[in-house]
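Subject: Structure handover

Hello,

Here is the structure you asked about. My notes on what was found in it follow below.

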Amino acid sequence: PVQANEVFAVMPRALFDRLQAAGAKFYDWMPDSLGDGIAPDEIFARFVLSFATPEEDVDAFVRLVAKG
């Protein structure tokens, strides 16, 4: 296991929009930093958590992502 409070991910814009509409709070992050590594229909997202973030909150987010 790795301990970190930031995660960066490339995701489809549709997933980004769906997660935001469901109430998830995260941001698109400097897409230019990837050069040509990101498609127009993708988002480079930055997720930041506190080490005190309840595990239930993380689990709820993972369930939202798993819904596809």
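S50 is partly exposed because its relative accessibility is 44%, where partly exposed is the range between buried (under 20% relative accessible area) and exposed (over 50%), with a 1.4 Å probe and protein chains only. S50 sits in the loop between β3 and α2. Its C-alpha atom is separated by 16 Å from that of Y27, and the two residues are 23 apart along the chain.

Two notes on sources. This is a predicted model, in which local features need pLDDT of at least 70 and side-chain atom pairs count only at pLDDT 80 or more, while totals for chains, interfaces and linings use all residues. Residues are numbered from 1 along each chain as its sequence is written, and side-chain values use heavy atoms, with hydrogens and water left out.

P54 is also in the loop between β3 and α2. With a relative accessible area of 36%, P54 is partly exposed. P54 and D36 are 18 residues apart in sequence, and their C-alpha atoms are 36 Å apart in space.

Overall layout. The protein has two helices and three strands, taken as DSSP runs numbered from the N terminus (helices: H or I, at least four residues; strands: E, at least two). From the N terminus the order is β-α-β-β-α. Along the principal axes, the C-alpha atoms fill a box of roughly 35 × 25 × 20 Å. Of the 68 residues, 16% count as buried. The accessible surface comes to about 5,200 Å², and 57% of it belongs to carbon and sulfur atoms; areas come from the Shrake-Rupley method with a 1.4 Å probe, and for residues only the protein chains shown count as cover. Among contacts (heavy atoms within 4.5 Å) with a separation of 6 or more, 62% are between residues 24 or more positions apart.

Core. The largest nonpolar core consists of nine residues: M11, L15, F16, L19, A24, F26, I43, A45 and F47. Such a core is a set of buried Ala, Val, Leu, Ile, Met, Phe, Trp, Tyr and Cys residues joined through side-chain atoms within 4.5 Å. Helix α1 (13-21) and strand β3 each supply at least two residues of this core.

Leaving aside neighbours within four places in sequence, F16 is in contact with M11, F26, Y27, D28 and I43. F26, not counting residues up to four places away, touches M11, F16, L19, Q20, A45, R46, F47 and F61.

The largest pocket holds about 500 Å³ of space. On a 1 Å grid over the protein atoms alone, a pocket is an open set of points where a 1.4 Å probe fits, with protein on both sides within 12 Å along at least five of seven lines; lining residues have an atom within 4 Å of a point. Grid points are joined across faces, edges and corners, and the volume is the space filled by probe spheres set on the points. The lining has 19 residues, and F47, V48, L49, V58 and F61 lie nearest the centre. Elements giving two or more residues to the lining are β1 (6-12), β3 (42-48) and α2 (55-66), with the largest share, six residues, coming from α2.

Regards
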